[in-house]
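Here is a brief report for a reader new to this structure.

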Amino acid sequence: MTFAMRLPFTFFLCAAALFAQHSYSAADIEDGGRPYRANCTACHGPDGNALPKADLSRGKFRRTSTPEGTENELVTIIEKGIPGTAMVPIESINDFQAATIVAYLRTFADNPSRTSALAGDPPRGKALFDNKGGCLSCHRVNSAGSRLAPNLTLIGANRRTVELEHALVDPNAQANPQNRFVRLVTKDGSTVNGRLINIDTFSIQILDSDENLRSFARADLRESAILDKSAMPSYKDKLSAQEIADVVSYLASLR
């Protein structure tokens, strides 16, 4: 008999109650966004509204006891799927990870897919992205651009339009840990800034401003610091509201 089988039934009632009452931090919600983007966007889309009969963007669900659904019901659907439908189970996650996906889905209804009512034009957005915005000096799309910042070739399949819009006007609000930049000072006083690629006990690897992959032994550094602000500028005052809508529509088309 396993340990779990010897636990009293009241333990499971208490655990279920605690699980149901769990509140999720911004980091938990972002953690839920990653498996959603990896497993769900191919069918549901980054905004959750790609399937008319399974629109997740409004916070209403068809296969639950109430339109909003309980956390446990939605976790069960994520983990077990829906037999006889295209909704297959995600078998590689635990209960808490599934619950963070639910928490991420809840944000769809709280944050509509667009904060701007302006319709964007993808061709105009591409022209702005390539020229006035200067985005290719850091980002890459297909074979064009730089590798200093994240590759955006498939960004439309992985990010909600509201997230793309927020990233343009307030990049510091949602800078992802994997996109961090660092400042290194060597023992001879040289300063090197670059995008963090890897860090461990003994060394740090970065991509410097000339797109060179460089490795530094930590013993050879006088100081090292992860920059707390995004290297990306805000376009809130650089582009008009219509221009931002155009760039967002272009980025959303990259799939």
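## Around Tyr36

Beyond its neighbours within four places in sequence, Tyr36 is in contact with Thr41, His44, Gly45, Pro46, Gly48, Leu56, Ile101, Tyr104, Leu105 and Phe108. The model is predicted.

Tyr36 also belongs to the largest nonpolar core, which has 18 residues. Tyr36, Ile78, Ile90, Ile93, Ile101 and Leu105 have the most contacts inside this core. Two elements give two or more residues to this core: helix H5 (71-80) and helix H6 (95-110). H6 supplies the largest share, eight residues.

A second core is separate and has 17 residues. The table sets the two side by side.

| Core | Size | Residues, among them |
|---|---|---|
| Largest nonpolar core | 18 residues | Tyr36, Ile78, Ile90 |
| Second, separate core | 17 residues | Phe129, Ile155, Val247, Tyr250 |

## Helix H7

Phe129 of the second core is also one of the buried residues of helix H7 (residues 122-130), with Gly125 and Leu128. Seen down the axis of H7, the buried residues fall within an arc of 100°, so they line one face of the helix. What covers them includes strand S1 (140-141) and helix H10 (241-252).

Asp121 caps the N-terminal end of H7. A side-chain oxygen of Asp121 lies 2.9 Å from the backbone nitrogen of Arg124.

## Ala26

Is Ala26 buried or exposed? Ala26 is exposed, because its relative accessible area is 63%, and exposed means over 50%. Ala26 is found in helix H3 (residues 26-39). Its C-alpha atom is separated by 9.6 Å from that of Ala103, 77 residues apart along the chain.

Definitions and conventions
Residues numbered from 1 in each chain as written. Predicted model: local features only at pLDDT ≥ 70, side-chain atom pairs only at ≥ 80, totals over all residues. Heavy atoms only, no water. Buried < 20%, exposed > 50% of the residue type's maximum accessible area, 1.4 Å probe, protein only. Helix = DSSP H or I, 4+ residues; strand = E, 2+ residues; numbered from the N terminus. Arc of directions from axis to C-beta. Contact = heavy atoms within 4.5 Å. Polar contact = N/O pair within 3.5 Å; in protein donor to acceptor, adjacent residues only side chain to side chain. Core = buried A, V, L, I, M, F, W, Y, C linked by side-chain atoms within 4.5 Å.
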